[in-house]
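My entries follow, in the order I looked things up.

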Amino acid sequence: MNILCFFLTAGLLGFSAVTWVSAEPLDLREAQRMALERNLDLRAETFATRASDAVVRSRYGLYDPRATATFAEGADRDRVNSQVLSVESEVEYRRFDFSLTQKLPTGADLTAALTNRRQRTLTDPRPGINPSYDSELRLTLAQPLLRNFGRIVTEEQILFAVKDREISVETLRESAFALVASVRDAFFEILRARDQLDYRQTSVALAEKVLTESRARVDAGVLPPVDLLEAEVGLKARERELLDARRDLDDAHDNLALLINLSAPFQVAPEALGQPEIEAGEEMGLRSAFELRPDLLRQGREIERQALESRIARNRALPSLDLTGSYAHKGLGEDYSDVADDLASEDLRGWEVGLTLSYPLGNREARNDYRRSELRLKEAHSRLAQLREEVRREVRAALRGLEVSRKKIEVASQGRELAEEKLRILLKRKEVGLATTRDVLEGEDDLAAARTDQIAALAEYNGAVTAYLKVTGQLLEHEGIRIAALPEAGEEKPIFGMDPR
């Protein structure tokens, strides 16, 4: 009876001989935080998301004013055909032009241009003003009325970049989903393997006590020598199982260390596998999945992007009809002060308003681009419908997994209680000589199998919880994980944050 008390007490308390050491024991929440901050695959994905945000910012350069300045100096020789005879002319000139163009959301280009030219004629006949200064200040507006009209067409690169960033964010969330799920599974695997190791250590301790008692009884002539041999073989078998359990625990630690990118030894907090209850249901799960799952949201962003592309392609198929208008002041004089006075007055003003129509006969390229964009939009809708059906199947499968794992825990718990009671009876019978060493070792094997089944059922249930949270899109919210604002270029702030608990 003393052996059974020691066996059960050691199994409940548990101790591990694995030499994973750290300053603070690592719990599940801390492991998830470290994974989000240190995992190399996720970090690479965050760089891609930050790059997509930089693309959005760069596309707003569309509205940056464009300044153009030109300076030129030269000479020009030509032959002038006058009424009397043909003469050669030679002109020296110096030209300085400056313009500033601003793109407007309607698609228009508004340009303010100042042109200056100084000209000196070197041959006869010379003009009345020589050298002369000729300047013009002109304000021009070119507004598309059909093709390229409107904010959507004007800002197409901005809108595409925004959609690409949204897609990148959902891809990042999907990577975080997979990582957090893997961390949970790896953490629970450590708890399972550690519990198994603790039990195997207790099993070895029990086998050693059985061997000691058997040796004493064989020496006293109470038991036959074969019982001693069975006790020795039973101890060796349990020592082998202990080595397997130790290897499994080390492998589980290595798996978690890879996920959290931690090379230093660490210790997992002394937790036990539990049976957390979550609110689950098909209708609730589907509603949550359709609202939160990153793959569905990413496909929705793809559809929005494709719809935008189709709308722009439709505009590209329209004729090009542009309204142009300009207003100018000119100046001419012997020096620049005279020109400045003319530019300030309205004596030499001019204006122009016009329409320009352009349309390629047939327009096959634009029409087929629009047709292609419409087909791709339909394809995207079909993919989303297929994905939603797959989500329905995954949610149902996750619910079945929860239900089955709950039943397994019930069955395994009953099996463990039965195996403990059978071993207790065998130990009592062995004390009075009614059970052999083989009977006790076989009873302990049955208890080991039952305890392994129970721990495996608990681990499977926790894995089923993770799977349900993942397929319904609730995993990050359940763990209190959120995406913070994307940092500016060059900043190294973490993208993911964890709510306090």
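**Entry 1: H7 against H10**

I began with helix H7 (residues 282–292) and helix H10 (residues 364–431), which pack at an angle of about 135° with their axes 10 Å apart. Helices here are DSSP runs of H or I with at least four residues, strands are runs of E with at least two, and both are numbered from the N terminus. Axes are lines fitted to C-alpha atoms, for helices over the stretch in contact, and angles run from 0 to 180 degrees between N-to-C directions.

Before going on, I noted the ground rules. This is a predicted model, in which local features need pLDDT of at least 70 and side-chain atom pairs count only at pLDDT 80 or more, while totals for chains, interfaces and linings use all residues. Residues are numbered from 1 along each chain as its sequence is written, and side-chain values use heavy atoms, with hydrogens and water left out.

Back to the pair: H7 and H10 are therefore oblique to each other. For the angle classes, under 35 degrees is roughly parallel, over 145 roughly antiparallel, 65 to 115 roughly perpendicular, and the rest oblique. The crossing of H7 and H10 is right-handed, meaning that the near helix is turned clockwise from the far one by less than a right angle.

Which residues in H7 and H10 meet? I found Glu282, Gly285, Leu286, Ala289 and Phe290 on the H7 side, and Arg388, Val391, Arg392, Val395, Arg396 and Leu399 on the H10 side. Contact means heavy atoms within 4.5 Å. The residues of this H7 and H10 contact divide into six nonpolar, one polar and four charged. In that count, Ala, Val, Leu, Ile, Met, Phe, Trp, Tyr, Cys and Pro are nonpolar, Asp, Glu, Lys and Arg are charged, and the others, Gly among them, are polar.

**Entry 2: Leu387 in H10**

I stayed in H10 for leucine 387. It counts as buried because its relative accessibility is 17%; buried means under 20% relative accessible area, exposed over 50%, and partly exposed in between (1.4 Å probe, protein chains only). Leaving aside neighbours within four places in sequence, leucine 387 is in contact with Asp295, Leu296 and Gln299. I also checked leucine 387 against isoleucine 455: they are 68 residues apart along the chain, and their C-alpha atoms are separated by 35 Å.

**Entry 3: the core**

Which residues of the largest nonpolar core touch the most other members? They are Val183, Leu256 and Phe496, in a core of 83 residues. A nonpolar core is a set of buried Ala, Val, Leu, Ile, Met, Phe, Trp, Tyr and Cys residues joined through side-chain atoms within 4.5 Å. Helix H5 (residues 156–219) supplies the largest share of this core, 21 residues. With neighbours within four places in sequence left aside, valine 183 is in contact with Leu28, Ala31, Gln32, Ala35, Leu256 and Leu259. Another core, of five residues, lies apart from it, and includes Val56, Tyr63, Ala161 and Val162.

**Entry 4: H2 against H5**

Next came helix H2 (residues 28–38), whose buried residues are Leu28, Ala31, Gln32, Met34, Ala35 and Leu36. They pack against helix H3 (40–59), H5, helix H6 (225–260), strand S7 (481–483) and strand S8 (496–498).

The axes of H2 and H5 come within 10 Å and cross at roughly 140°. That makes H2 oblique to H5. The H2 and H5 crossing is right-handed. Leu28, Ala31, Gln32, Ala35 and Leu36 of H2 meet Ala176, Leu179, Val180, Val183, Arg184, Phe187 and Phe188 of H5. This H2 and H5 contact divides into 10 nonpolar residues, one polar and one charged.

**Entry 5: Arg173 in H5**

Is arginine 173 buried or exposed? Arginine 173, in H5, counts as buried at 10% relative accessibility. Beyond neighbours within four places in sequence, arginine 173 is in contact with Leu292, Pro294, Leu297, Leu476, Glu477 and Ile483.

The peptide bond from asparagine 130 to proline 131 is cis, with omega near 0°. Proline 131 lies in the loop between strand S3 (109–121) and strand S4 (132–144).

Asparagine 148 has a positive phi, near 70°, in a residue other than glycine. I found asparagine 148 in the loop between S4 and helix H4 (151–154), and it is partly exposed at 31%. Asparagine 261, not a glycine either, has a positive phi of about 55° and is found in the loop between H6 and H7.
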